[in-house]
Amino acid sequence: MSVEFWFLIGAALVFWMQAGFAMVETGFTRAKNAGNIIMKNLMDFCIGTVVFSILGYTLMMGEDTFFGLIGKPNLNLFTHFKEFIASPADGFTDASYFVFNLVFCATTATIVSGAMAERTRFSSYCIYSAVISLLIYPIEAHWIWGGGWLSGIGFHDYAGSCAIHMVGGIAALIGAIALGPRIGKYVTDKKGKVTKVNAIPGHSIPLGALGVFILWLGWYGFNGAAATTVSELSSIFLTTTIAPAVATVTTLIYTWIKNGKPDVSMCLNASLAGLVAVTAGCDAFDAIGASVVGLVAGILVVVVVEVLDLKLHIDDPVGAVGVHCANGIWGTIAVGLLANPDAPAGLNGLFYTGEFTQLGIQAIGFVTVAAWAAVTMGIFFAILKKLNFLRADAADELMGLDISEHGLPSAYADFMPSVDKYSDFGNTELPVAVTGTTPVAEAVEVKRQPTFSSDGPKFTKVEIVFKEEKLYALKAAMNKLGITGMTVSHVMGYGMQKGQTEFYRGVAVETDLRPKVQVDIVVSAIPVRDVIETAKKVLYTGHIGDGKIFVYDVENVVKVRTGEEGYDALQDVE
């Protein structure tokens, strides 16, 4: 009873890791997608529970069939409930095994969310979550933990470096490639060659750090829940503490030397990388082995994240591939290298015994499970992409998936969202897509037209209020026109239409303060009409609320530093 009680407490800790994943992903991405990310992490568990209970669990843990490839499906959870919860003479109840394996399944599913963040249709993500929990994870997990063929040859993956993290990481990599990068992540020339890689920082490092601490706590249950003795449990807790700590310190030193300063987000990733890497052999490593695992993980995560971004140009907003895929593979192989016969698992690692047997078995397991995940997820994402069902529309992505997918203006309600300088970072030479029918005079109103005169220098202030996703396009157009200075402010408000009606908990929110950007420009030499027409051309999409332009006469301009006045004060040449 006491062992099974800890088994279920461990399962609860693993469930709590969903909160950690949600916080890490939310913190490492932009505020305009926070609600969408919370929903994806919530649905990973809820949709996963439904499909896992119907079929996934028995494919994983059912009676072995088809030469160790799958479990035999049954509906005992629904048709033989009394027996399902009854305590057997040996082992745990089926109900305990179900809950335990369910929370691990949900972890596999949620890994993918981070790599595909900020540009995935919510509906397609829900389908993905169902498919991986229904078929892809249960089948390969049966090979390892359900009595399948890999367990029969001695493959060792105690808590899931391979079955969970590598599989989730491979799915994340394939999903990120299929989706393509976020708008503004990479700047390309006319031939499509990437000429610049833009950093798109997450909006909350504190949230990301909170998520890492939650995950680290949950990992003691993740790795330790299946322990049956105090000695085994204490050994697992020890290795689960040492590996991520060493990985984090390694990344701290590595990024400090490489970049001149220690990288906060990379150190957070490193903690998770160390946890992922130690998971397969948490019961097979000693303190030295766990330290080596962490040391490699701390360097590997940085190298993989940077190679994917800077060299391969694969956009992974949270580093999921570097953390889970790369270190899931490393942790799986490390068992064959660093397993100490004196550890609870009693395996013979190459570096301790000189034997290659376990290393060969680990390699077989890695290759076959990786192939299964790559082929199945590749086919799945290819189908979604072919149906044009995978990626959110560009306009929705620029606006933010909170509002476009969920009708949520901001996940932070009373807090002003920040101006996203990458919101329209793309090919500004492309024509603006006009999707509405509102005349330009109504969609982009000009409130006052001054009298244009050529009698001496004239100063005019042009104030433009518009949708925030158009900021970069307007800035680029004004620079091309010759405007070298502008003031940008973030404002909120509504016009006569009082915003689009959205719903919060079923109640209509009629007067919706919408985030807008206000740009102030003072011009003299450049014709005001050119500024107005350029702004209208960039901002017009054919919808009410495209923007407003206010034009004011300015009596004088004074440059504080030099004391210059008038036309000279507007010149930027020193």
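Reader: At what angle do helix 2 and helix 5 pack, and how far apart are their axes?

Author: This is a predicted model, and what follows should be read as such. Helix 2 (residues 34-61) and helix 5 (residues 94-115) pack at an angle of about 130 degrees, with their axes 8 Å apart. Angles of 65 to 115 degrees count as roughly perpendicular and those over 145 as roughly antiparallel, so helix 2 is oblique to helix 5. The crossing of helix 2 over helix 5 is right-handed.

Reader: Which residues make the contact of helix 2 with helix 5, and how do they divide by class?

Author: On helix 2 the contact includes Lys40, Asp44, Phe45, Gly48, Phe52 and Met60, while on helix 5 it includes Asp94, Tyr97, Phe98, Asn101, Leu102 and Cys105. By class, the residues of this contact divide into 12 nonpolar, seven polar and three charged. As a general idea for reading such a list, an α-helix has 3.6 residues a turn, so residues three or four places apart point the same way.

Reader: How does helix 2 cross helix 6?

Author: The axes of helix 2 and helix 6 (residues 122-145) come within 8 Å and cross at roughly 40 degrees, which makes helix 2 oblique to helix 6. Helix 2 passes helix 6 in a right-handed crossing, and their contact has 20 nonpolar, six polar and two charged residues.

Reader: Is helix 5 roughly parallel or roughly antiparallel to helix 8?

Author: The axes of helix 5 and helix 8 (residues 161-179) come within 8 Å and cross at roughly 30 degrees. Because angles under 35 degrees count as roughly parallel, helix 5 is roughly parallel to helix 8. The crossing is right-handed, and the residues in contact include Phe104, Thr107 and Ile111 of helix 5 together with Ala163, Val167 and Gly168 of helix 8. They divide into 10 nonpolar, five polar and no charged residues.

Reader: How is the span of helix 15 to be read?

Author: One compares the distance between the end C-alpha atoms with the span expected at 1.5 Å a residue: helix 15 (residues 357-386), with 30 residues, reaches 43 Å, close to the expected 44 Å. Just after helix 15, Asn388 takes a positive phi of about 55 degrees.

Reader: Turning to the strands, what is the order in the open sheet of five strands, and which strands stand at the edges?

Author: The strands of this open sheet follow the order 5-11-6-10-7, with mixed pairing. Strand 5 (444-446) and strand 7 (487-493) are at the edges, each with a single partner strand, so one side of each has no neighbour in the sheet. On average, neighbouring strands of the sheet are turned by 20 degrees against each other, direction ignored. Strand 5 pairs with strand 11 (residues 547-554) in the parallel sense over three bridges, and Val446 stands opposite Ile549 in strand 11.

Reader: Which strands do helix 19 and helix 20 lie across?

Author: Helix 19 (residues 471-481) lies across strand 6 (459-467), strand 7 and strand 10 (514-523), and runs at about 150 degrees to strand 6. Helix 20 (residues 528-539) lies across strand 5, strand 6, strand 10 and strand 11, and runs at about 5 degrees to strand 6.

Definitions and conventions:
Residues numbered from 1 in each chain as written. Predicted model: local features only at pLDDT ≥ 70, side-chain atom pairs only at ≥ 80, totals over all residues. Heavy atoms only, no water. Pairing = 2+ DSSP bridges. Helix = DSSP H or I, 4+ residues; strand = E, 2+ residues; numbered from the N terminus. Axes fitted to C-alpha atoms, helices over the stretch in contact; angles between N-to-C directions. Contact = heavy atoms within 4.5 Å. Expected span 1.5 Å × (residues − 1). Left-handed = near helix turned anticlockwise from the far one by under 90°. Nonpolar A, V, L, I, M, F, W, Y, C, P; charged D, E, K, R; others polar.
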